[in-house]
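Open the model in your viewer and keep the selection tool ready. The stops below go from a few ion pairs to one helix, and then to the parts to treat with care.

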Amino acid sequence: MDAPRTVAAGRTASPTTARLINDRLALQLLQSEGALTASQLKALTGLSRPTVADLVERLQEAGLITVVGESGAQRRGPNARLYGIVADRAHLVGLDLRTHSVTVAVADLLGEVRAERTVPIGPDDTPDAAVAAALAGLDKALAAAGAPHPHTIAVGAPGLVDPATGRLGGTDWIPSWHVALVGELRARRAVPVLLENEVNLAAIAEQRDGAARDHDTFVLLWLGHGTGAAVVLDGTLRRGASGGTGEIGFLPVPGTAALPSASGCDGGFHSLAGSAAICALAAQHGLPAAAVAGPAAANAPSPDTDTDTDTDAPPAEAVVRAAVAAGDAGAAFLDALAARIALGVAAVCAVLDPGCVVLGGEIGSGGGEDLAGRVAGHLARLSPLCTDVRSGALGGRAVLRGAVLAARDAAQNELFPPGG
């Protein structure tokens with residue numbers, strides 16, 4: 001039998017704690033590596049064969065893993081069986097709240113999305129009507145996924161999320177139905193409902209599945225309808241004392257006609273890099289923002305349609321994509337936009353020196369490496385710090401993916417006890 005694991009300096013794990021640690025380690029490997037044999041688990045964990053056999057039996061009895069196949073014809077018997085996590089052991093829900101839509105994804109315990117639905121919210125809808133539409137969309141998505149009861153729900157929303165209370169703040173500039181929906185979810189569902197700032201969730205997704213997979217320290221600069229940032233330092237998401245880390249839209253920068261205030265970010269970085277400002281900049285460079293963005297708006301989905309289309313996609317996304325596709329004809333606009341973005345990036349780098357900045361959101365993704373390269377060039381003239389500027393890999397879908405990942409982490413923390 002393996003010796004008990006040491007879990008802290010001067011403290012030795014009890015047999016029960018050691019089993020929990022070993023079980024969680026095995027489950028994490030099955031999640032990251034896929035199905036494994038007992039021999040492969042032994043090699044990857046460093047545990048003895050009897051200990052691996054015990055934990056496999058224990059996890060099977062708990063309904064967390066099952067035999068999903070065999071490793072090959074040459075080897076038969078227990079060690080040749082492939083063990084995998086029972087994905088349907090729990091169903092997770094991620095929600096991405098936007099000004100005029102909510103997107104729901106239902107995933108299994110491995111984070112694989114089983115159903116997704118986008119529900120438009122009309123500008124004249126009352127908060128009650130918006131909440132009812134969102135809940136109906138959630139119910140339809142759960143039914144489509146064959147998931148009668150979600151285990152955990154994670155919600156990504158704009159605004160400040162108080163780390164102490166988990167409540168949504170900064171509500172002067174966000175739709176009132178967001179707060180009402182979160183409250184209704186918590187009242188209606190006897191399951192954990194996690195609330196997180198949307199950009200923070202996008203950073204989680206870009207770190208796990210996107211452009212920042214090779215960085216433990218980076219900043220995600222969100223460029224969509226508005227602007228925001230998420231800060232990850234040494235692998236940890238930093239929220240700040242009031243949940244306000246990354247509210248870069250309020251950052252005072254040169255080039256604006258005024259200064260931001262406590263009640264609004266007009267005059268801050270938002271006035272240079274928000275969607276409306278980008279469309280105005282495009283018009284100055286002879287790019288017809290409305291004409292370019294028109295086809296995207298025409299493809300907005302109906303409430304009963306499963307879709308990947310974001311009904312809140314900023315018109316600036318289409319403008320930026322068109323400018324990139326136009327080559328030399330769009331170069332002057334892209335360079336002017338990059339100079340604006342670099343002002344915000346330089347301020348972030350001066351304070352945090354993250355080494356890597358990811359341009360996320362629909363506009364960061366739409367600009368691709370072309371825009372990222374131009375921002376890096378302007379940044380090099382503003383800052384002495386070496387900073388890798390990258391285009392986000394997930395675009396506007398990063399928030400929804402981050403919500404699914406946050407729900408998965410919370411569910412696994414309950415189902416796969418960490419021990420210690």
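A salt bridge here is a side-chain nitrogen of Lys or Arg within 4 Å of a carboxyl oxygen of Asp or Glu. Note before selecting anything that this is a predicted model.

**Stop 1: aspartate 409 and arginine 208.** Select both side chains; they meet in a salt bridge, 2.5 Å from N to O. Aspartate 409 sits in helix α13 (residues 398-415) and arginine 208 in helix α6 (residues 198-209), so the bridge ties together parts 201 residues apart in sequence. Aspartate 409 is partly exposed, at 24% relative accessibility, and arginine 208 is also partly exposed, at 35%.

**Stop 2: glutamate 196 and arginine 239.** These side chains form a salt bridge at 2.7 Å, N to O. Glutamate 196 belongs to strand β11, while arginine 239 is in the loop between β14 (236-238) and α7 (270-273), 43 residues apart. Glutamate 196 has 11% relative accessibility and counts as buried; arginine 239 has 33% and counts as partly exposed.

**Stop 3: aspartate 23 and arginine 58.** In this salt bridge the closest N and O atoms are 2.7 Å apart. The pair links helix α1 (residues 15-33), which holds aspartate 23, to helix α3 (residues 49-61), which holds arginine 58. Aspartate 23 is buried because its relative accessibility is 10%, under the 20% limit. Arginine 58, at 27%, is partly exposed. The model's salt bridges come to 15.

**Stop 4: helix α5.** Select residues 176-188. The 13 residues of α5 should span 18 Å at 1.5 Å a residue, and the end C-alpha atoms are 18 Å apart, which agrees. Now color Trp177, His178, Leu181, Val182 and Leu185, the buried residues of α5. They cover an arc of only 140° around the axis, which puts them on the same side of the helix. An α-helix has 3.6 residues a turn, so residues three or four places apart point the same way. What do the buried residues of α5 pack against? Their partners include β5 (91-97), β6 (101-108), α4 (127-145) and β11 (193-197).

**Stop 5: confidence.** Color by pLDDT: the mean is 87, and 88% of the residues reach 70 or more. Residues 1-10 fall below 50, and so do residues 290-309. Where pLDDT is low, the predicted coordinates should not be read in detail.

**Last view: the whole protein.** Zoom out to 13 helices and 16 strands. Of the 420 residues, 49% count as buried.

Notes:
Residues numbered from 1 in each chain as written. Predicted model: local features only at pLDDT ≥ 70, side-chain atom pairs only at ≥ 80, totals over all residues. Heavy atoms only, no water. Helix = DSSP H or I, 4+ residues; strand = E, 2+ residues; numbered from the N terminus. Buried < 20%, exposed > 50% of the residue type's maximum accessible area, 1.4 Å probe, protein only. Expected span 1.5 Å × (residues − 1). Arc of directions from axis to C-beta. Contact = heavy atoms within 4.5 Å. pLDDT = per-residue confidence, 0-100.
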